[in-house]
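Try each task yourself before reading its solution.

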Amino acid sequence: MNEMKESNERIYYSIRETARLTGLSEYYLRQRVKRGEIPGINSGVKFLINVPAMLRGLEDEH
């Protein structure tokens, strides 16, 4: 049986927060979200980015 790991570490961040954390522009992040290239979830009117998964994906690109 798979047990979920308990963690207080945040995974999902808004586009603005992700831009601040990563140094990537909000425009770049929004374009990638629109193309479905960044993992995340819709939460009301905001899109929340799964930052750890996004960073792994960016590393795989290079």
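Of the 62 residues in the chain, 26% count as buried. Please keep in mind that this is a predicted model.

**Exercise 1.** Work out how many helices and strands the chain has, and in which order its elements run.

*Solution.* Start by counting: the chain has 3 helices and 3 strands. Next, follow the chain from the N terminus, and the elements read β-α-α-β-β-α. Finally, turn to the contacts with a separation of 6 or more: 47% of them are between residues 24 or more positions apart.

## The pair α1 and α2

**Exercise 2.** Describe how helix α1 and helix α2 are placed relative to each other, and find the residues that meet.

- Step one, the geometry: the axes of α1 (residues 15-22) and α2 (residues 26-34) come within 9 Å and cross at roughly 125°.
- Step three, the hand: α1 and α2 make a right-handed crossing.
- Step four, the residues: α1 contributes Ile-15, Arg-16, Thr-18 and Ala-19, which meet Glu-26, Leu-29, Arg-30 and Val-33 of α2. Sorted by class, this contact has 4 nonpolar, 1 polar and 3 charged residues.

## The two faces of α3

**Exercise 3.** Find the buried residues of helix α3 and say which elements they pack against.

*Solution.* First pick out the buried residues of α3 (residues 51-61), namely Val-51, Met-54 and Leu-58. They lie on the same side of α3, because the arc they cover around the axis is only 60°. Now look at what this side packs against: β1, α1, α2 and β3 (46-50). Then turn to the face directed away from the buried side, where the exposed residues Arg-56, Glu-59 and Asp-60 are found.

## Three single residues

**Exercise 4.** Decide whether Ser-14, Arg-32 and Gly-57 are buried or partly exposed.

*Solution.* The cut-off we need is that buried means under 20% relative accessible area, exposed over 50%, and partly exposed in between.

- Ser-14 sits in strand β1 (residues 12-14). Its relative accessibility is 11%, so Ser-14 counts as buried. Beyond residues up to four places away in sequence, Ser-14 touches Phe-47 and Leu-48.
- Arg-32 belongs to helix α2. Arg-32 is buried because its relative accessible area is 8%. Apart from neighbours within four places in sequence, Arg-32 is in contact with Glu-37, Ile-38, Leu-58 and Glu-61.
- Gly-57 is part of helix α3. At 31% relative accessibility, Gly-57 counts as partly exposed. Its C-alpha atom is separated by 8.9 Å from that of Glu-37, 20 residues apart along the chain.

Methods:
Residues are numbered from 1 along each chain as its sequence is written. This is a predicted model: local features need pLDDT of at least 70, side-chain atom pairs count only at pLDDT 80 or more; totals for chains, interfaces and linings use all residues. Side-chain values use heavy atoms; hydrogens and water are left out. Helices (H or I, at least four residues) and strands (E, at least two) are DSSP runs, numbered from the N terminus. Buried means under 20% relative accessible area, exposed over 50%, partly exposed in between (1.4 Å probe, protein chains only). Contact means heavy atoms within 4.5 Å. Axes are lines fitted to C-alpha atoms, for helices over the stretch in contact, and angles run from 0 to 180 degrees between N-to-C directions. A crossing is left-handed if the near helix is turned anticlockwise from the far one by less than a right angle, and right-handed if clockwise. Ala, Val, Leu, Ile, Met, Phe, Trp, Tyr, Cys and Pro count as nonpolar, Asp, Glu, Lys and Arg as charged, and the others, Gly among them, as polar. The arc is that of the directions from the helix axis to the C-beta atoms.
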